[in-house]
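Try each task before you read its solution.

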Amino acid sequence: MRIHRVLTAAAATAAVAALGFAAVPAQAAEYSSALKIKGIQYDAPGRDSNKCSGGNTKDEYLTIKNYSKTAKVNLKGYVVKDAAGNKFTFKNSHTLEPGDYIKLRGGKGTDSDAGNVVYRQNCNFMWNNDKDTIYFYKPSGARADVHSYTKTANDRDGNGYINYHG
């Protein structure tokens, strides 16, 4: 009986391979996305000040990059969240060309595709300076990317910036 199951599994695998499909683990498929978190400036340089005028929340940012070699991707509907549930939804169209990126900054400002920047229009800091988790969701609700960090484990040089995908 065991030999029959092994042969059946082997035959099924061979049939899938013959059709040109690669077996993809469910977890890997969950994170298949052209857009990924390139890095995060989780600790804005200087003393934290969330004042809308003269504060430094704009110096805290998340870089999202289109890693596709051919596909353009519109950020409209994508969602960024932290571990505490703070979230930002891209409500406007921002199309990223292959290899292009955008910085999602705190604070208030004018969004600019040419300047590769979108502002959260919120002067509160989103990311914790000691540890946090960054969740990035597609408009469908599927997870596009996720990263957790701690200052001591992930920011060896102490500059407040962590790089995830080159």
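Two notes before you start. This is a predicted model, in which local features need pLDDT of at least 70 and side-chain atom pairs count only at pLDDT 80 or more, while totals for chains, interfaces and linings use all residues. Residues are numbered from 1 along each chain as its sequence is written, and side-chain values use heavy atoms, with hydrogens and water left out.

**Exercise 1. Describe the chain as a whole.**

Step 1: list the elements. The protein chain has 3 helices and 11 strands, where helices (H or I, at least four residues) and strands (E, at least two) are DSSP runs numbered from the N terminus. In sequence order the pattern is α-α-β-β-β-β-β-β-β-β-β-β-α-β.

Step 2: look at burial. Of the 166 residues, 35% count as buried, meaning under 20% relative accessible area with a 1.4 Å probe, protein chains only.

Step 3: check the sequence range of contacts (heavy atoms within 4.5 Å). Among those between residues at least 6 apart in sequence, 58% join residues at least 24 apart.

**Exercise 2. Trace the open sheet of 5 strands.**

Step 1: write the order. It reads E8-E7-E2-E1-E11, with mixed pairing; two strands pair if DSSP finds at least two bridges between them.

Step 2: find the edges. Strand E8 (117-119) and strand E11 (161-163) each pair on one side only.

Step 3: zoom in on one pair. Strand E1 (residues 35-41) and strand E2 (residues 61-66) run antiparallel and are joined by 6 bridges. Here Lys36 stands opposite Lys65 in E2.

**Exercise 3. Is Asn116 buried or exposed?**

Step 1: locate Asn116 in the loop between strand E7 (101-105) and E8.

Step 2: apply the cut-off. Asn116 counts as buried because its relative accessibility is 12%.

Step 3: list its partners. Beyond neighbours within four places in sequence, Asn116 is in contact with Asp100, Tyr101, Ile102 and Lys103.

**Exercise 4. Which residues is Pro139 in contact with, leaving aside its neighbours within four places in sequence?**

Step 1: locate Pro139 in the loop between strand E9 (131-137) and strand E10 (143-150).

Step 2: name the partners of Pro139, which are Lys76, Gly77 and Tyr78.

Step 3: Pro139 and Tyr78 are 61 residues apart in sequence, yet their C-alpha atoms are 4.9 Å apart.

Conventions: Buried < 20%, exposed > 50% of the residue type's maximum accessible area, 1.4 Å probe, protein only.
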